[in-house]
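Look over the sequence and the model first.

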Amino acid sequence: LAPAYDVVVVGSGYTGLRAALTLARAGRSVAVFDKERPGHGASRRNAGFLGRTLKKAYVDLKATKGEAHATALYRDLAMAYESTLAFIEEEGIECHAVRCGRLVAATSPAHYAGLERELAGMQADLGLPFAMVPRARLREEMATDLYDGGAVIPDLGALHPGLYHHGLMAKALAAGVAILGNCEVTAVEPAAGRFRVATAVGQTRARDVVIATNGYTPGNLPWHARRVIPFVGYMAATEPLPPTLLAKQLPHRRTVIDSNLDIDFFRPAPDSLRLLFGGATANGLQDPAAIAALLHGRLRRALPDLADVKLSHVWTGQCAGTFDMMPHIGCHDGIWHGMGYNFAGVPMGSFFGLRIAQRILGLPEGACAFEAAAFPTLPFYRGNPWFLPLAMRYFAWKDARLARRRPA
Ligand SMILES: Cc1cc2nc3c(=O)[nH]c(=O)nc-3n(C[C@H](O)[C@H](O)[C@H](O)COP(=O)(O)OP(=O)(O)OC[C@H]3O[C@@H](n4cnc5c(N)ncnc54)[C@H](O)[C@@H]3O)c2cc1C
């Protein structure tokens with residue numbers, strides 16, 4: 001460790017690396033510390049879906065907080081999406097980034113109607129394209145009869161998450177960022193107008209500190225740990241499939257999510273003949289065989305042609321929810337943070353990392369609509385989400401309640 005850096009970043013995922021890269025290119029000395037090996041977190045474990053939506057639907061946000069607020073947030077989401085793709089292209093990061101389109105599969109007729117209402121609202125106010133796919137035409141998009149139609153958002157994208165992270169890390173190293181693995185940050189304290197950063201391998205000082213730990217936020221960062229709800233995401237890959245069988249499942253090679261709050265998601269692997277999918281979020285299972293059995297059941301239900309296909313890989317990663325279901329960027333007691341992505345951290349982590357760096361550099365383009373919101377917590381919450389099973393049951397109840405509603 002050097003005795004001091006201009007900026008110390010805690011966490012080496014998309015958020016931390018994008019901030020570090022921007023700061024280093026502006027001439028700052030920057031160190032990124034990770035508790036594990038660099039890239040240990042969700043940034044190398046995710047599905048690589050690139051979107052521009054929140055858990056809170058645009059039309060609901062507009063109804064509760066007003067059009068100006070909802071529009072400002074969704075414009076920033078669109079910017080996060082576009083700027084991430086533009087960054088990848090400008091930097092020449094080879095990570096299979098494509099605008100493949102996304103199918104949102106409706107889990108009931110009422111979900112289908114809700115989806116149409118939501119997407120029509122976004123099209124009217126924000127000009128975002130979509131096309132409804134009625135049940136009778138769903139097999140043009142996916143080899144399933146499970147869903148009650150869906151909607152295609154033609155310009156959404158996908159990438160290879162590991163290659164994106166690898167490329168980002170190579171750029172950060174080339175810009176002079178010091179990236180240290182096995183370097184757990186154990187405390188950040190103010191010290192004479194700067195910060196003292198204690199780590200497992202010694203201490204250093206920094207003028208600015210960025211906390212970019214999302215679903216891995218530790219208890220020794222108590223203000224942040226009190227505000228994020230860590231939960232486990234599960235994914236699996238099939239064995240390589242015959243090309244015609246894979247092409248039949250998702251003929252347009254789009255990403256797919258279903259319309260539930262607790263989503264199932266599918267995509268063709270960008271670099272092989274496997275199908276990747278995930279779901280059953282935060283179900284409490286830890287044994288890989290049990291996770292595989294659960295996911296395989298869901299795969300068979302959605303894509304019956306794959307009933308006899310084996311899974312070759314199963315893995316988990318930590319995500320972060322928040323009490324208002326919104327991602328948060330900001331500065332508390334002089335320490336910057338970007339976290340709480342609620343499953344949308346590929347574009348949002350990259351974007352918040354960029355914005356945090358711009359704010360540290362004092363650049364006007366660092367302004368971000370998400371920064372205005374207070375970052376809520378609950379009394380007595382210390383970062384142990386004992387209530388998650390209840391929350392997942394609440395989501396399931398909400399999904400079922402909407403499903404029972406008769407579409408207008
Ligand atoms: C299975 C799964 C699928 C997903 N699919 C998608 C998707 O398709 N699209 C999408 O947009 N998002 C998806 N996500 C979410 C997305 O991956 C995350 O939101 C994003 O990667 C978060 O990036 P990050 O840089 O903020 O944090 P991370 O990449 O999680 O990195 C945090 C890092 O902080 C480190 N750390 C923690 N404590 C300390 C400490 N005390 N000292 C030093 N280092 C520390 C950790 O070791 C970790 O490496 C998915 C997540 C999972 C788990």
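Cys183 counts as buried, because its relative accessibility is 1%; buried means under 20% relative accessible area, exposed over 50%, partly exposed in between (1.4 Å probe, protein chains only). The model is predicted: local features need pLDDT of at least 70, side-chain atom pairs count only at pLDDT 80 or more, and totals for chains, interfaces and linings use all residues. Numbering starts from 1 along each chain as its sequence is written, and side-chain values use heavy atoms, without hydrogens and water.

Cys319 is buried too, at 11%. Its closest cysteine sulfur, in Cys95, is 19 Å away, too far for a bond. There are 0 disulfides in the structure (pairs of cysteine sulfur atoms within 2.5 Å).

The second largest pocket holds about 360 Å³ of space. Gly321, Met325, Asn342, Ala391 and Phe395 are the closest to its centre among 19 lining residues. A pocket is an open set of points on a 1 Å grid over the protein atoms alone, where a 1.4 Å probe fits, with protein on both sides within 12 Å along at least five of seven lines; lining residues have an atom within 4 Å of a point. The volume is the space filled by probe spheres set on points joined across faces, edges and corners.

H10 gives the most, 5 residues. Helices (H or I, at least four residues) and strands (E, at least two) are DSSP runs, numbered from the N terminus. The pocket lies between domain 1 (1–98 + 158–227 + 324–377) and domain 2 (102–154 + 229–322 + 394–408), because both give residues to its lining. Domain bounds come from an automatic or database domain assignment.
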